[in-house]
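User: Hi! I'm new to this. Could you walk me through this structure, starting with some of the rings?

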Amino acid sequence: MTKLWGGRFSKNTNEMVDAFNASIEFDKRLYREDIRGSISHAAMLAKCGIISEKDAEEIISGLEKILDDIENGNFTFDESLEDIHMNIEARLTERIGAAGARLHTARSRNDQVALDMHMYIKREVAEIADLLIHFEEALLSVAGKHTRTLVPGYTHLQRAQPVTYAHYLLAYFGMMKRDFYRLSGVWDGADIMPLGAGALAGTTFPIDRFEVAKKLNFAKVYGNSMDAVSDRDYIADFLYFASVLMMHLSKLSEEICLWSSSEFCFIELDDAFATGSSMMPQKKNPDIAELVRGKTGRIYGHLQAMLVTLKGLPLAYNKDLQEDKEGLFDAIDTVKFSLAVYREMLLSMTVNTEKMAQAAVKDFSNATDLADYLVRKGVPFREAHEIVGKCVAHAIGQGKFLSEIPIKEYKGMSDLFEEDLLEALKSENCVAARRTYGGPAAEENEKQIAEGAAEISQQAELLACWQEKL
């Protein structure tokens, strides 16, 4: 097939070059954006008197029919036409003749693909935001059931201080909340209209770029044509967002793998979200959590690849920029699946509250509270820390926990110890005493859940604004 750019060439490209140069196998997912952008471009050309109203009507009608064909599976993509833009334009010209050949007036594939990518990112940002909100709702839902469920808090994977299970989940809600606003930044970076920049230096035709931006609901228009066709910051921003989000999910994956193990038994995954072994009949494996943890590294790779691709490119467009798509598309698909499956997995899992509570009692995680007990009686904290350290060593030597040591023995280590220390050592009282903002006490958990619900409402309002602009 004759290339749409072939006028300058005297021979056909090598078949290997065609295959290596083609992007249609992955960029065909941009068809909706490509057609919508072309419809707006054609309408603007006619409004500015650059093409006739009749040609614009034929172009728009032809593009709408091509959209129907693609969505109904009646469109064959041709690798020799390289990409989604040329596939659509060639089919349009084949169907409506000269009018179709006028569509590309005052634009280049450089600004065309940039437009497609900006629009595509905006659509995906809105879809991911919706999934993220639903996952945040799931975190709050489960947390609401466990505002008083005791569980050990860990540092260095050693039991440190007792907290509540709600407090654990609210920590992940805090991560997701930050992720949402990173995602909002991606929207802002993508909400700039590049069409009209041409190959790099604009066009000699009297186009109205702001008319196209208005039709396509863009907030801004690029003020520099070279920047417009070379900017991929918003893609790097998305990959950074995706990397941090997946890092947070990977941390949760690690917790799920630990908590569902026989050594912890804090949770049990629903059978629908676990797998078995082909050899060992007893196994119930947290494969989804492990896969999300594993796929996180792949997302990191996409971010690194994008940054390395961009770091040495001279202005303006270079073919290297074709490498912006495959990693991005994979990251989008991975993030969407991970958020969707994690919501369902979290809502369906069983929480072993009794096992959690036992773990929070049978340890030395109340040692800090014993030190605080002495501080409230006037002992400097460093001195109290040393006294309690000796109490812990004494208990370990007897094979007991702090709550099992008789008052008489405590008196031997400090005459400030009284009968009321046994109440102070109870895990539920240790947690209840931590009522400062952001602490694990039940009433603080409830406040955080209420604040989280208000945060989600604000996110939903922002999402609704985005959806109106798609």
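**Rings and cores**

User: Is phenylalanine 238 buried or exposed?

Analyst: Phenylalanine 238 is buried, with a relative accessible area of 1%. Buried means under 20%, exposed over 50%, and partly exposed in between, using a 1.4 Å probe and protein chains only. This is a predicted model, in which local features need pLDDT of at least 70 and side-chain atom pairs count only at pLDDT 80 or more, while totals for chains, interfaces and linings use all residues. Residues are numbered from 1 along each chain as its sequence is written, and side-chain values use heavy atoms, with hydrogens and water left out.

User: And phenylalanine 241, buried or exposed?

Analyst: Phenylalanine 241 is buried too, at 0% relative accessibility. Both phenylalanine 238 and phenylalanine 241 lie in helix H11 (residues 233-259), three residues apart, which is about one turn of the helix. Helices (H or I, at least four residues) and strands (E, at least two) are DSSP runs, numbered from the N terminus.

User: How many aromatic pairs are there?

Analyst: The structure holds 14. In phenylalanine 238 and phenylalanine 241, the ring centres are 5.6 Å apart and the planes are at 55°, so that pair is tilted. Rings of Phe, Tyr and Trp (its six-membered ring) pair if their centres lie within 6.5 Å; planes under 30 degrees apart count as stacked, over 60 as edge-to-face and the rest as tilted.

User: Which residues touch the most other members in the largest nonpolar core?

Analyst: They are Phe135, Tyr165, Phe238, Leu249, Ile267 and Tyr342, out of 113 residues in that core. The largest share, 18 residues, comes from H7. A nonpolar core is a set of buried Ala, Val, Leu, Ile, Met, Phe, Trp, Tyr and Cys residues joined through side-chain atoms within 4.5 Å.

User: What does phenylalanine 135 touch?

Analyst: Leaving out residues up to four places away in sequence, phenylalanine 135 touches Met176, Leu249, Leu252, Leu339, Tyr342, Arg343 and Leu346. Touching is contact, meaning heavy atoms within 4.5 Å. There is also a second, separate core of 19 residues, which includes Leu370, Val392, Phe417 and Leu425.

User: New topic: what about the backbone? Where is there a cis peptide bond?

Analyst: It joins leucine 315 and alanine 316, with omega about 10°. Alanine 316 is in the loop between helix H12 (287-311) and helix H13 (326-348).

User: Why mention that?

Analyst: Most residues other than glycine have a negative phi, and most peptide bonds are trans.

User: What is the phi of glutamate 82?

Analyst: Phi of glutamate 82 is near 75°, a positive value in a residue other than glycine. Glutamate 82 lies in the loop between H4 and H5 and is buried, at 4% relative accessibility.

User: And histidine 156, buried or exposed?

Analyst: Histidine 156 is exposed, with a relative accessible area of 77%. Its phi is positive as well, near 55°, and histidine 156 lies in the loop between strand E1 (150-155) and strand E2 (158-164).
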